[in-house]
Amino acid sequence: MAQVEPARSLPALWDRSGPDDGEDTLAVDALLVRPTADEVRALPSFLDALRRIGERAGRPFERLPLDVQNALIERRLRQLVEVCRANPLWRARIDGAIGGRPLASLAAFQDVPATDKETARLFYTGERPGMVVPLSHGGFQIATSGGTASGQPTEIVYPLDELADTYRWAGEFIGRHIVDSLMPPGEARWVACTLADHMMWSSSSMVGGVLQSIPGINYIAAGAIDPQVFGRILAYPGSKAIMGISRSIADLVAYAADVPADDRASLRIAMYGSGALQPKVHAALKALYPNLSIVSFFAA
């Protein structure tokens, strides 16, 4: 039996080993006290920190021992709590749950009440009093979320640089764990997205941001498709993946009638979100597309 490599502690992965490693300290003590808005803007990229840890450990972050992952996650949460406390609304909300002390554990973080839509609406619409870094600094994206139950959509504010980092991290993750195992190497790989942005819902641009960041793929911003467009996509040389809401993926059953068998065999992955895909639809898709793997993909 092969020996199991002992878990490396977070400090061991984070030791400074050279003159240029000062920026490696994701959450040094100076960043774990309440920062100013300017200090928040100057914080190093969390994605860069994860990559440095992965390089030092010789494996991606999600393949590190759980104790190492949890130690870094708790340290990052402690930093984010202090960032939020720079805003008086967030400070009152957090301190009311865990007091004014620094975050001590994941269990303490779970004592902070979840941010429901009404709270998000209060903090991030109108004057947006929940912002730590004011909108006047620029570099944000506003997207609309929800409203299907209450009739009042919630606007969410995303920092563009953090969005870009999220896209890269998630795209690389999907590449490692889905695309590399399900789409043959050595040929063109295509990933199509059937979502479309509407009324400030940034479904296409944000999900597309993730899908475009999968290494080694060709991206197709298809939007709403019909049988002709779908057939054109499958006629491209190479293997294909497609992402859409569950209804759009179910439509591929009917679209198969107009697609030659060889082209149908090139569809390797179907990723669905916004609802369940019924077992009978699963079965029909697998019968019509013999190499297809069906994966649940929810943008959140």
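Two strands pair if DSSP finds at least two bridges between them. Helices (H or I, at least four residues) and strands (E, at least two) are DSSP runs, numbered from the N terminus. This is a predicted model: local features need pLDDT of at least 70, side-chain atom pairs count only at pLDDT 80 or more, and totals for chains, interfaces and linings use all residues. Residues are numbered from 1 along each chain as its sequence is written, and side-chain values use heavy atoms, with hydrogens and water left out.

**View 1. Strand 3 beside strand 4.** Cys193 stands opposite Ala221 in strand 4. Strand 3 (residues 189-193) pairs with strand 4 in the parallel sense, over four bridges.

View 2. Contact means heavy atoms within 4.5 Å. Axes are lines fitted to C-alpha atoms, for helices over the stretch in contact, and angles run from 0 to 180 degrees between N-to-C directions.

**View 3. Thr194 in the loop between strand 3 and helix 9.** Thr194 counts as buried, at 10% relative accessibility (buried is under 20% relative accessible area, exposed over 50%, partly exposed in between; 1.4 Å probe, protein chains only). Neighbours within four places in sequence aside, Thr194 contacts Gly223, Ala224, Ile225, Ile242, Met243, Gly244, Ile245 and Ser248.

**View 4. Helix 8 against helix 9.** The axes of helix 8 (residues 160-182) and helix 9 (residues 203-212) come within 7 Å and cross at roughly 50°. Helix 8 is therefore oblique to helix 9 (under 35 degrees is roughly parallel, over 145 roughly antiparallel, 65 to 115 roughly perpendicular, the rest oblique). Leu163, Tyr167, Ala170, Gly171 and Ile174 of helix 8 meet Ser205, Met206, Gly209 and Val210 of helix 9.

**View 5. Confidence along the chain.** The protein chain averages a pLDDT of 87, and 86% of the residues score at least 70 (pLDDT is the predictor's confidence in each residue, from 0 to 100). Over residues 1-8, pLDDT stays under 50. Where pLDDT is low, the predicted coordinates should not be read in detail.
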